[in-house]
Amino acid sequence: MDAYSPQADPKNKPSYQQHKQQRFWQITLPLGLAVLLIVVVFVLVILTASRGDPNAQVSVWADTSTILLLLPMLLVMVLAAVVLFGLVYLLSQLLRILPGYTAVIQTFTSTLAEKAR
């Protein structure tokens, strides 16, 4: 097979075709749907804020926006609290078993010091 044969073209390989299909279903489609959803939400916000009592509608959407902006920070804080509580628990377990091992190390070092003298 020479370098110019159709078999050497990577675009004809089944793995490349599978990659193209996976790229569409796993990257392009979800990203496109997310962008479409964001555009639809923006359009709905503009349409809702432009009819009826503007002060009441804008206030409702301002409150909704504030909640949506705070949710990611809340999630990060919850994860940080879980990590902190996990570290406290692991440290308490370590402090429970540590005195036994430190006594062994202290005995070994004092024995070593006596032998060195």
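## Exposure and overall fold

A residue counts as buried under 20% relative accessible area, as exposed over 50% and as partly exposed in between, with a 1.4 Å probe and protein chains only. By this definition, 1% of the 117 residues of the chain are buried. The chain exposes about 10500 Å², of which carbon and sulfur atoms supply 73%; accessible areas come from the Shrake-Rupley method with a 1.4 Å probe, and for residues only the protein chains shown count as cover.

The model is predicted: local features need pLDDT of at least 70, side-chain atom pairs count only at pLDDT 80 or more, and totals for chains, interfaces and linings use all residues. Residues are numbered from 1 along each chain as its sequence is written, and side-chain values use heavy atoms, with hydrogens and water left out.

The chain has two helices and zero strands (DSSP runs numbered from the N terminus: H or I of at least four residues for helices, E of at least two for strands).

## Largest pocket

The largest pocket has a volume of about 250 Å³. On a 1 Å grid over the protein atoms alone, a pocket is an open set of points with protein on both sides within 12 Å along at least five of seven lines, and lining residues have an atom within 4 Å of a point. Grid points are joined across faces, edges and corners, and the volume is the space filled by probe spheres set on the points.

Helices α1 (14-50) and α2 (54-116) each supply at least two residues of this lining. Its members are L37, I38, V41, F42, V45, W61, T64, S65, L68 and L69. By class, the lining has eight nonpolar, two polar and no charged residues.

## Side-chain pairs

One aromatic pair is present in the structure. F24 and W25 form this edge-to-face pair, at 5.2 Å centre to centre and 80° between the planes (ring centres within 6.5 Å, using the six-membered ring of Trp; planes over 60 degrees apart for edge-to-face). F24 is partly exposed because its relative accessibility is 38%, whereas W25 is exposed at 52%.

A search of the whole structure finds one salt bridge, defined as a side-chain nitrogen of Lys or Arg within 4 Å of a carboxyl oxygen of Asp or Glu. R117 and E114 form it, with the closest N and O atoms 2.9 Å apart; both R117 and E114 are exposed.

Notes. 1 Å grid on protein atoms, 1.4 Å probe; cavity = no way out; pocket = protein on both sides within 12 Å on 5 of 7 lines; lining within 4 Å. Nonpolar A, V, L, I, M, F, W, Y, C, P; charged D, E, K, R; others polar. Phe/Tyr/Trp six-rings, centres within 6.5 Å; stacked < 30°, edge-to-face > 60°.
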